[in-house]
Amino acid sequence: MATQIPKKPPVPAAPTGVGSDDSVVLERRTQRTKPPQMFQVVLLNDDFTPMEFVVHVIQEFFSKDRETATQIMLKIHLEGKGICGIYTRDVASTKVDQVLAASRAAGHPLQCLSEPVE
């Protein structure tokens, strides 16, 4: 019983039409994914948070130099709000949490939010 040689499986016959000129070839389409939606982190003006603290927050959490941070702070002060950076949703949310935690720890009512870029 164990000494019998196993039989080879039969070779399947080619289906009709294979290799003929009437066959259809599908082209592969490359799938393109859309880039993630971006969110802008916005600081809002208030009458109680010192300007120097706002400049420090912009430098610390948004990696801006002092001159750029001062320009953003003045825009916030004059126009009521200013964009500090544009990031993906998760990064923007983290930046907002960091700014809010730092402002609360320092005792300032600075408001920060993220909104989708249109």
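Me: Axes here are lines fitted to C-alpha atoms, for helices over the stretch in contact, with angles from 0 to 180 degrees between N-to-C directions. At what angle do the axes of helix 1 and helix 3 cross?

Reply: Roughly 140 degrees, and the axes come within 11 Å. Helix 3 covers residues 89–106. One caution: this is a predicted model, where local features need pLDDT of at least 70 and side-chain atom pairs count only at pLDDT 80 or more, while totals for chains, interfaces and linings use all residues. Residues are numbered from 1 along each chain as its sequence is written, and side-chain values use heavy atoms, without hydrogens or water.

Me: Which residues in helix 1 and helix 3 meet?

Reply: From helix 1, Phe53, Val57, Phe61 and Phe62. They meet Lys95, Gln98, Val99, Ala102, Ser103 and Ala106 in helix 3. Contact means heavy atoms within 4.5 Å.

Me: Zooming out, what pattern does the chain follow?

Reply: β-α-α-β-α-β along the sequence. That is three helices and three strands, taken as DSSP runs (H or I, at least four residues; E, at least two) numbered from the N terminus. Of the 118 residues, 25% are buried. Buried means under 20% relative accessible area, exposed over 50%, partly exposed in between (1.4 Å probe, protein chains only).

Me: Where is Asp46, and is Asp46 buried or exposed?

Reply: Asp46 sits in the loop between strand 1 (38–44) and helix 1 (51–62). Asp46 is buried, yet has no salt bridge. A polar atom of the Asp46 side chain lies 2.9 Å from the backbone nitrogen of Phe48. For the backbone nitrogen of Thr49, the distance is 2.6 Å. Leaving aside residues up to four places away in sequence, Asp46 touches Pro109, Leu110 and Gln111.

Me: How many salt bridges, then?

Reply: Three, each a Lys or Arg side-chain nitrogen within 4 Å of a carboxyl oxygen of Asp or Glu. One is Glu52 with Arg66, at 2.8 Å. Glu52 is in helix 1 and Arg66 in helix 2, so the pair ties together parts 14 residues apart in sequence.

Me: And what about Glu115 and Lys81?

Reply: Their side chains meet at 4.0 Å, N to O. Glu115 lies in strand 3 (residues 111–116) and Lys81 in strand 2 (residues 81–88), so this bridge joins parts 34 residues apart. Glu79 and Lys75 form another, at 3.6 Å. Both lie in helix 2, four residues apart, about one turn.

Me: New topic. What is the phi of Ser63?

Reply: About 55 degrees, positive although Ser63 is not a glycine. Most residues other than glycine have a negative phi. Ser63 lies in the loop between helix 1 and helix 2 (66–79). Ser63 counts as exposed because its relative accessibility is 65%.

How values were computed. Lys and Arg count as positive and Asp and Glu as negative; His and the chain ends are not counted. A polar contact is a pair of N or O atoms within 3.5 Å; within protein, one must be able to donate a hydrogen and the other to accept it, and residues adjacent in sequence count only if both atoms are side-chain atoms.
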